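Reader: I am new to reading protein models, and I would like to go through one slowly with you. Could we look at the structure together, one feature at a time?

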Amino acid sequence: MTDPAPTADPHRETGVWPAIHTERAALAADLADLTDEQWAVPSLCAGLSVREVLAHLTAGASLNTVRWLAGVIRCRFDFDKQVAVRLAEQLGATPGETLERFRRVVPSTTKPPLPALAMLGETIVHGEDIRRPLGIHRDHPIGVVTEAAEYYQGSDLVVVAKGRIGGLKLVADDGPFMTGSGPLVSGRTLALVMAMTGRAAYCDDLEGDGVALLRSRMHL
């Protein structure tokens, strides 16, 4: 974590939860009929299968500030270890159990010490980490994915995004999102979100003189 959390508007934060719940429910529906082989497919999250990414989302929706802090202390402030421990807690014995655990947290408003907008971003990004390798497509509401883009363009909290797009101008061609100045990177809002959060595969969906520079920053 390199940036403090943005100051949250309480009314906006409350309004984000229905979108989070909708995104979770859509992901659960998309994964209902996966085979065991599909559950084992590598996700866009390095080193994690699609099943493990889903367990990670369940963990995030099950972890309040007190439990998060207790886990961080137990892991001696090794945040990667904390993530791995919580993921293992939610994986379950079978893919069916992994999915059922996720279904149970669809309506949850529990979260670590992060803004609700960060939870929305995590849900969208990790959902696509799962969907793209499986060839599953979702038409995210443009207003929802724009909120995620606006959050990430100003934050390096949890994942480097603001730093990754420095000196670039990002322009969505399917919605109102626009930020920065410099060489142009344009494309769908979702592709911009995924690229600014380090998913190199989505650079293939973008156009402009700044794409090569953005691609070179994928491992920040």
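Author: Let us begin with a helix, where helices (H or I, at least four residues) and strands (E, at least two) are DSSP runs, numbered from the N terminus. Ten of the eleven residues of helix 3 (residues 50-60) are buried, so helix 3 is largely enclosed by the rest of the structure; buried means under 20% relative accessible area, exposed over 50%, and partly exposed in between, with a 1.4 Å probe and protein chains only. Among the buried residues of helix 3 are Val50, Arg51, Leu54, His56 and Gly60.

Reader: What kind of model is this, and how confident is the predictor in the chain?

Author: This is a predicted model, in which local features need pLDDT of at least 70 and side-chain atom pairs count only at pLDDT 80 or more, while totals for chains, interfaces and linings use all residues. Residues are numbered from 1 along each chain as its sequence is written, and side-chain values use heavy atoms, with hydrogens and water left out. The pLDDT, which is the predictor's confidence in each residue, from 0 to 100, averages 89 over the chain, and 85% of the residues score at least 70. Where pLDDT is low, the predicted coordinates should not be read in detail. Over residues 1-8 the pLDDT stays under 50.

Reader: How many helices and strands are there in the chain?

Author: The chain has ten helices and three strands, and from the N terminus on its elements run α-α-α-α-α-α-α-α-β-β-β-α-α. Of its 220 residues, 49% count as buried.

Reader: How should I read the packing of helix 7 and helix 8?

Author: Two packed helices are described by the angle between their axes and the distance between the axes. Helix 7 (residues 116-134) and helix 8 (residues 142-153) pack at an angle of about 115°, with their axes 9 Å apart; axes are lines fitted to C-alpha atoms, for helices over the stretch in contact, and angles run from 0 to 180 degrees between N-to-C directions. That makes helix 7 roughly perpendicular to helix 8, a word used for angles of 65 to 115 degrees.

Reader: Where is Phe102 found, and is Phe102 buried or exposed?

Author: Phe102 is found in helix 6 (residues 95-104), and with a relative accessible area of 1% it is buried. Leaving aside its neighbours within four places in sequence, Phe102 is in contact (heavy atoms within 4.5 Å) with residues including Leu54, Leu57 and Thr58, which are also among the buried residues of helix 3.

Terms used: Parallel < 35°, antiparallel > 145°, perpendicular 65-115°, else oblique.
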